[in-house]
Amino acid sequence: MPVDTFEKVYLPNIERGETETLQQYRAQGGYEAVRMALDMAPGKIVEIVKDSGLRGRGGAGFPAGMKWSFLPKGVYPRYLTVNADESEPGTCKDRPLMEQRPHALLDGIICTCLAIESELAFIYIRGEYYNSADVLQKAVDEAYEAGLLGADVLGSGRRVDVVVHRGAGAYICGEETALLTSLEGYRGYPKLKPPFPAVSGLYGKPTIINNVETIFSVPLILTKGADWFKSFTHERSTGLRLYSVSGHVKKPGVYELPMTVTLRELIYDYCGGMRNDHDLKFVIPGGSSVPWLLPDQLDTVMSMEGVQEAGSFLGSAAVMVMDHTVCPVWAIENLAAFYRHESCGQCTPCREGSSWMHKILMRIEHGQGTMEDLDTLASIAGEGKPNTGMISGRSICALGDAAAWPVGSALRCFRSEFEEHIKLGHCPYKNKRFWMADGKFVNESFEHRPSWHH
Amino acid sequence: MADQSVHPSLKPAPEDVPFVLNGKEVVGKKGETIITVAAREGVYIPHYCWHPSLSVAGNCRLCLVEVHMPNPRADNKPTPLPKPAIACQTPVVPGMHVFTESELAKDCQSGMMEFLLVNHPLDCPICDRGGECMLQRYSMEYGTGHARMVDKKRKFKKPQADPLIDIERNRCIMCTRCVRFCDEVAGEHVMGVFARGADNYIGTFGQGPVSNILSGNVIDICPVGCLTSRPFRFKARVWELVQTQSTSVWDASGAKVTYWTRSNQLYRTTPPSRKYHETYTINEDTAEFIDNITRFGSDFPAHEDRWEESRVRIGEGLVPAAFREAVRQAARGLTRVREQHGPDALAVLVSPRATMEEGYLAAKFARTVIGTGNVDWRMSFQTAEASDAAALAFSHASGDLEDGFDAVVLVNGDYLHQAPVFAMQVKEYARLNEKPLILIGHHHDAYFAPHASWQLHCRPGETAHVLELLALAVRGNDNAKDQLSAITGAQAEELDKLLQLLGHAHRKGLLIQSLEDMNGANLPQDVPALLGLKSALGEAWDYIPVLRDRNAFGLYAAGAQPGRLPGAEGAVRKAWGLGESAALPVDSGVPARLLAEKIEAGEIKGLLCLGADILHNAPERERLVAALDKLEFFAVTDLFRSEITEKADVFFAAASHLERDGTYCDLEGNLARLVEALPPAGGSRPDWEVLAGIAKEMDGRGFDYSSVAQVFDEMIRLVAPDFAGSFKALMLKGPRNDLTIKDPGGARTRGPEYNPGDYRIDGAHFRWKADPLPTPEKASPAPERQELNEGEFLVTWGEHVQGSDYHLDRASIARLLKMAPTAEMNPEDAYRLGLEDGDRAVVHTGSDSIEVVVKVRRGPAPGVLYIPSGLGDARFAGLSAAPLARLEAVEAGKEAAPAG
Ligand SMILES: Cc1cc2nc3c(=O)[nH]c(=O)nc-3n(C[C@H](O)[C@H](O)[C@H](O)COP(=O)(O)O)c2cc1C
Ligand code: SF4
Ligand code: SF4
Ligand code: SF4
Ligand code: FES
């Protein structure tokens, strides 16, 4: 177990499971960043954030300061929208931030509003997160009472309002343009880009959309300085990152670490290794939407560049670890079901492709596949790389890519297992029993899998 | 100088964008998309969701092309973009290279085609779209030709059927054209997408798309067989039908149509089918939309009441007779009345649905053979003065939509329901090219209101006053501007901007006036007032009066009304073989509107009526029907046995609009051929043969025509001496209702120009050089404003195409085309009364009570209720102008209060 040589700043209280009150947050110097921001010119804040190298934590990793500077000059009102839709399978880092440190998030929202000269911010929160929404709303109310929000932020004469808006439980509404259409009250359809939201977003006005963790980083950068943020750097990935680790590790959870950490360290040092000391089969390194990594890639540095070099994406830094009890065909069929279910249905390749792929995968998993299916699947999904196959790069939004990449990579990584399903006429893992460390057998069957399709 | 701050349309012209398309240097305009420029350059890029009339959805992904962008980091060398780009949304950029047929583009196209067929039932053999389906076509052109999909296909339950439009969801490709058509062109949000992913489907909410007069167009705009015509369902395969390019008998806009026939039967009516991309298509990449009445209501000649043989009266009964015999009897009857009572005791009525040739012959017949000026078609007006005002309006009419406009002013009226396609074209041109739309009067068309840049509302009876004030304000009279602000409630700054816009040097402005509003009750004041405004605005402004009557303008042009000859008097005398001194009654005629009165007074004793619809649809129908009994002789040509035809002494079985040739003129002054699509039923004859026959029998000279083309040639030389076309060519004339009009100044050209060759022949315009009417020195005094109590309204009305009509009532699915009575009110009033759109209410006007559905629209002025006449029990024609009404809400679930 490595000794951490850095101070945890995002979730210092995660082990204690505490939720901060306004008083507690203030006692720790909370809202100091707002005070600092109020004394700065908006452009200066943007400069600092740019300098820190902060990149979006929602998935695409776009530099936040750069995004902010795309706002057209002199066009008002501008809106800030905080993407709290956290629906990417495996991702569970925004929720503790919102539930345990709601004021720190508000701190970030106010600073960002001051930076981008917006007077109104929306927090679009995943429908299922009613607890988080509750906590946030209470914090917002407290902040209004304390004069931190409203027409006159801390007596500065600047206005910042915050609205907490709950979604209705659609993954696609995490996609930034779909989020905006949903927020406007329409069907959550992604929009064609350009125009980008920074130019024409919510109600046709310039709008900045950032992930919860991204916004959360802003006051930290302001108070501790861009240089502190840059002290954790791997190539162009700066700062600390929240890794949501799930799957067959001994200690799943949210880990706050510099992006210099390797996959091996993450699994074997921080998470205590594989459950029952099983063999590692594969890792999904950045939320369900990204290509898979194999055990021989354990030395991958978990930064945006590191994971990309390994042929995948860091995405939302949700690391899903699978041991040798997992049938990769079953796993990918499960994921394909998710994308089939969550495709908004707007554009041809994603609508038809996601459902077709899933139908084929279901057949293969249940022993009804043919070898031609594998070719068909490969031609639809591509090689698990961007802009290959019939979907990726041809859909309106990135959900199309997200549906295709994992399938392509699963096929590339485990083609022999797919073939085995076909040859055997059933899933070789079905009813297969695995030794467990406690001397018991587990029967890895299909009873507990979630059913997306009814 | 007016600039963009006055109205966005006053922006500078966009710059040129040179780029490379499939290796060829081409030039687009800044803001144009690849697909638009490519289409103009003759490069076809496959597309489903893109349509020139609709916003860009970018969802079908069929138009993906390969794009190389100049790379500033590498000497602007074109570098491939990482992904293919959709041509329907990607704007052209200087120096870009676009490849529409590269490996990548082809791979994308075949991929999308395969995806679209994954869940498609491919039930082409039983699909009504088969043969004209874009999915079939593209499968052949861009598909792979084999299927890899072996899984179960998605299946939907068939939804609650809309009576006109069949939805077969399994065939839908989710292009959302139908949704966008309803939202954007038809102006009603009635369709939407439901559910998610591959399970999503198209559906309707509210009353479904039927309530909208343009809804039927989703049938053609749907690229596949998801939305099909219910009346046409399973009736025939399209390739077995004979197509006849003709024109609508309903829509005064002059909509072109194709009648699809087989074995003496009309199967369907559609917008014109065009040879395009090596196949026949309907409104593909064009905006040739038609209204539902034209589409579904054109089959009325097949009604069971049809009388296919001519008849003559023997005692009490009408017995079938040979055509020659009927002609002899008619000639004898007319001659007898003329001999006993003089020529002016005879009158000739012409249906407003008669062709120009028929109107022309009727005029020639009345004036030369009978010797009277009593020939008229103008029955629908409130008063005879109103019909004269309409004549004044026609004499000043000019201009059309052909080359668009920079600004348009619409005065009063329910244009969408009186000239649907024309209204749609005006709105669409303004919407798509962002041109200013200005609405003035007591009732604005709710179809235009959401797109209006300015709305000046007033009370009924004040329109002329407002127009006069506006004319004075345009001339710089500030006092008039203040008064205008006071009477319309418009803000002074808004008026300033409006005046700047009107004063801007326009290439072309359009003034449009409805002659239908309240059956023209206010026309005697409103027409001169608007013509005065036209003078104030100057040469660049054209004037188009709008009347629902299909061939009103053509019959006016053909001289089929008192006070008007088909051409210059000298030329007419020469053509008709009349010497200098021979009698040629012109101004002496009795207006049709006074017919009942004149018959009752015994001044008119004999009547020849061409088309009984003019009597059936008359505002004073009952009075007229009763008056017919007093006639000594009554001959009528018509399709049907009816209360009126049974009173005839001689009945001629007429050939319907499907069964005869002739020329119609639309309200923009363009000619269109009515083409014989079916042989005349039984012994029916076109009216021109009837007229020629009777004339010859009465020893009239100059009626030896052997074809309608001869009548046309004689007529057109008088009506439009410089007309260079021919009767035959009119048949081929291009899509006048084609919206792919280019805006010469603006960025957004309206779609590609396609296959121009055969179909575009310039229309004949009649332009009379009427002297401009002067702008008044002073506005006429403002009428006194009536105080309205809570719940009281002034009623304004207009005839509605979906209302009762002699012909429409006989269409096979007339029942489905009718609308329940509605009352449109301003949101201000609705809010005050606590009424919402769709609520029920009872309107009491004097002795009558009508139950209506409330529509809350920004159309009527506050205090004004617009109730389309002819819907249900709503009949106002003949009442005093703007009757006072009391409106009572009906609580949901309760019956309406009894009348009284
Ligand atoms: C299908 C889809 C789902 C997404 N879901 C989320 C989400 O739940 N939360 C999130 O922050 N970003 C999500 N994103 C990424 C957003 O589109 C967007 O990139 C992000 O909110 C930008 O914020 P950032 O720059 O701070 O990362 C999603 C993207 C796609 C394509
Ligand atoms: S890619 Fe999928 S989710 Fe995105 S717009 Fe297309 S159908 Fe909708
Ligand atoms: S929509 Fe086209 S492809 Fe589909 S069944 Fe009908 S004709 Fe065939
Ligand atoms: S019904 Fe037709 S027009 Fe509408 S979305 Fe489906 S395919 Fe497109
Ligand atoms: S035509 Fe371009 S995406 Fe459909």
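Q: At what angle do helix 2 and helix 3 of chain B pack, and how far apart are their axes?
A: Helix 2 (residues 103-118) and helix 3 (residues 134-142) of chain B pack at about 140°, with their axes 10 Å apart. Axes are lines fitted to C-alpha atoms, for helices over the stretch in contact, and angles run from 0 to 180 degrees between N-to-C directions. Helices (H or I, at least four residues) and strands (E, at least two) are DSSP runs, numbered from the N terminus. This is a predicted model, in which local features need pLDDT of at least 70 and side-chain atom pairs count only at pLDDT 80 or more, while totals for chains, interfaces and linings use all residues. Residues are numbered from 1 along each chain as its sequence is written, and chains are lettered from A and ligands numbered from 1 in the order in which they are written.

Q: Is that parallel or oblique?
A: The angle makes helix 2 of chain B oblique to helix 3 of chain B. Angles under 35 degrees count as roughly parallel, over 145 as roughly antiparallel, 65 to 115 as roughly perpendicular and the rest as oblique.

Q: Which residues make that contact?
A: Helix 2 of chain B brings B:Gln109, B:Ser110, B:Met113, B:Leu116 and B:Leu117, and helix 3 of chain B brings B:Leu135, B:Tyr138, B:Ser139 and B:Tyr142. Two residues are in contact if their C-beta atoms, placed from the backbone, lie within 7 Å. By class, this contact has 6 nonpolar, 3 polar and no charged residues. Ala, Val, Leu, Ile, Met, Phe, Trp, Tyr, Cys and Pro count as nonpolar, Asp, Glu, Lys and Arg as charged, and the others, Gly among them, as polar.

Q: And helix 9 with helix 14 in chain B, what is the crossing angle there?
A: Roughly 20°, with the axes of helix 9 (residues 384-396) and helix 14 (residues 523-537) of chain B coming within 8 Å. That makes helix 9 of chain B roughly parallel to helix 14 of chain B.

Q: Left-handed or right-handed crossing?
A: Helix 9 of chain B passes helix 14 of chain B in a left-handed crossing. A crossing is left-handed if the near helix is turned anticlockwise from the far one by less than a right angle, and right-handed if clockwise.

Q: What kinds of residues meet there?
A: That contact has 9 nonpolar, 1 polar and 1 charged residues. Among them are B:Ala386 and B:Leu392 in helix 9 of chain B, and B:Val527 and B:Leu531 in helix 14 of chain B.

Q: New topic: how many residues does each chain put into the contact between chain A and chain B?
A: Chain B gives 25 residues and chain A gives 26. On the chain B side, the largest share, 6 residues, comes from helix 2 of chain B. That side has 13 nonpolar, 7 polar and 5 charged residues.

Q: Now the ligands. Which residues are closest to ligand 1?
A: A:Gly56, A:Gly58, A:Gly174, A:Asn211 and A:Thr214 are the closest of the 24 residues that surround ligand 1. A residue is near a molecule or strand if its C-beta atom, placed from the backbone, lies within 6 Å of it. Strand 4 of chain A gives the largest share of this shell, 3 residues. The shell has 9 nonpolar, 9 polar and 6 charged residues.

Q: Where does ligand 1 lie relative to the domains?
A: Domain 1 (22-230) and domain 3 (328-443) of chain A both give residues to its shell, so ligand 1 lies between them. Domain bounds come from an automatic or database domain assignment.

Q: Last one: which peptide bond has omega of about -10°?
A: The bond joining A:Lys193 and A:Pro194, and this bond is cis. The bond from A:Pro194 to A:Pro195 is cis too, with omega near 5°. A:Pro195 lies in the loop between helix 8 and strand 4 of chain A. Most peptide bonds are trans.
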